[in-house]
Amino acid sequence: MSLSVGQVSRLAGVTVRTLHHYDEVGLLCPGERSAAGYRRYTEADLIRLQQVLLYRELGFALEEIAVILDEPRADELTHLRRQHELLVRKSERLSEVIAAVERAMQARTMSVALTPAERLEVFGGFRPEDHEAEVERRWGGGEQYEQSRRRVATYTKADWLRIKAEAAGVLGDLVAVFEAGLPPDGEAAMEVAERHRAHISRWFYTCTYEIHRGLGELYVMDPRFTAHFDGQVPGLAAYVRLAITANARRRAAC
């Protein structure tokens, strides 16, 4: 049994013109002809067409495909194994590309308006977009969340470097008062806690004392925040929470 060029076109999802071209260049010559001289494709022709289309999908030029398929010692299984290996590699590469595009989409969603080089300089290995889903789940739709998104969208590289330097200064002072053995409800610790709250309010969203106290609780409840503070000096996360709580209590009493 053989098929006409129209039948093969519909079956393989290629145009009749493409099949004619393959015949003209000697890549896929139909094994039979009808009495009227029309092309008729045999089962062997269909197998070769499948190989041609797979190699085309992998990016090979027609001339290269002809050489590969006419290799004297290469049978159908050899081609399938080779194509499987190439397709797996292509799939892995596509997965990497898809992941990169998704990260870029997430970054655009967060509106962090920096070039890749600037993002690397500011954030290093930390990628804000990796945490966007969790941030939105926890705080999405809230006033502070929307306020932060609007502000972040306007920041330049210089702004982010200022934010980074200011945050590092606050963290350094928290470490200093802790290592000095000063009480978390003492004046020095509470002043640094207030600077921490003001830093958030200045750059991201209006951080009320109630919200600030909630952040203090988060610093000891969420292992990732705890690791961030305790990575500076063990016990710092709990100390910061106490300083924040004391500062909020003091301000409420004023």
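**Before selecting**

This is a predicted model, in which local features need pLDDT of at least 70 and side-chain atom pairs count only at pLDDT 80 or more, while totals for chains, interfaces and linings use all residues. Residues are numbered from 1 along each chain as its sequence is written, and side-chain values use heavy atoms, with hydrogens and water left out.

**The whole protein**

Display the cartoon: the protein has 13 helices and three strands (DSSP runs numbered from the N terminus, helices being H or I of at least four residues and strands E of at least two). Of its 254 residues, 35% are buried (buried means under 20% relative accessible area, exposed over 50%, and partly exposed in between, with a 1.4 Å probe and protein chains only). Switch to the surface: the accessible area is about 15200 Å², and carbon and sulfur atoms hold 57% of it (Shrake-Rupley method, 1.4 Å probe; for residues, only the protein chains shown count as cover). Among contacts with a separation of 6 or more, 59% join residues 24 or more positions apart (contact means heavy atoms within 4.5 Å).

**The sheet**

Select the three strands next. They form an open antiparallel sheet in the order β1-β3-β2 (two strands pair if DSSP finds at least two bridges between them). Because β1 (3-4) and β2 (32-33) stand at the edges with a single partner strand each, one side of each has no neighbour in the sheet. Two bridges join β1 to β3 (residues 39-41); in β3, Tyr 41 is the bridge partner of Leu 3.

Move to Ser 9 in helix α1 (residues 5-12). Ser 9 counts as buried because its relative accessibility is 13%. A polar atom of the Ser 9 side chain lies 2.5 Å from the backbone oxygen of Val 14 (a polar contact is a pair of N or O atoms within 3.5 Å; within protein, one must be able to donate a hydrogen and the other to accept it, and residues adjacent in sequence count only if both atoms are side-chain atoms). Not counting residues up to four places away in sequence, Ser 9 touches Val 14, Thr 15, Val 16 and Leu 19.

From there, select Val 16, in helix α2 (residues 16-24). Val 16 is partly exposed at 30% relative accessible area. Its C-alpha atom is 6.4 Å from that of Val 5, eleven residues apart along the chain.

**The nonpolar cores**

Which residues have the most contacts inside the largest nonpolar core? Of its 28 residues, they are Leu 174, Phe 204, Leu 215, Phe 229, Leu 236 and Val 240 (a nonpolar core is a set of buried Ala, Val, Leu, Ile, Met, Phe, Trp, Tyr and Cys residues joined through side-chain atoms within 4.5 Å). Helices α9 (157-179), α10 (187-203), α11 (209-221) and α13 (236-253) each supply at least two residues of this core, and α9 gives the most, with seven. A second, separate core has 17 residues, including Tyr 22, Leu 27, Leu 49 and Val 52.

**Gln 147**

Finish at Gln 147, in helix α8 (residues 143-152). Gln 147 is buried, at 13% relative accessibility. Its side chain reaches the backbone nitrogen of Thr 206 at 3.0 Å. Gln 147 touches Phe 204, Tyr 205 and Thr 206, not counting residues up to four places away in sequence.
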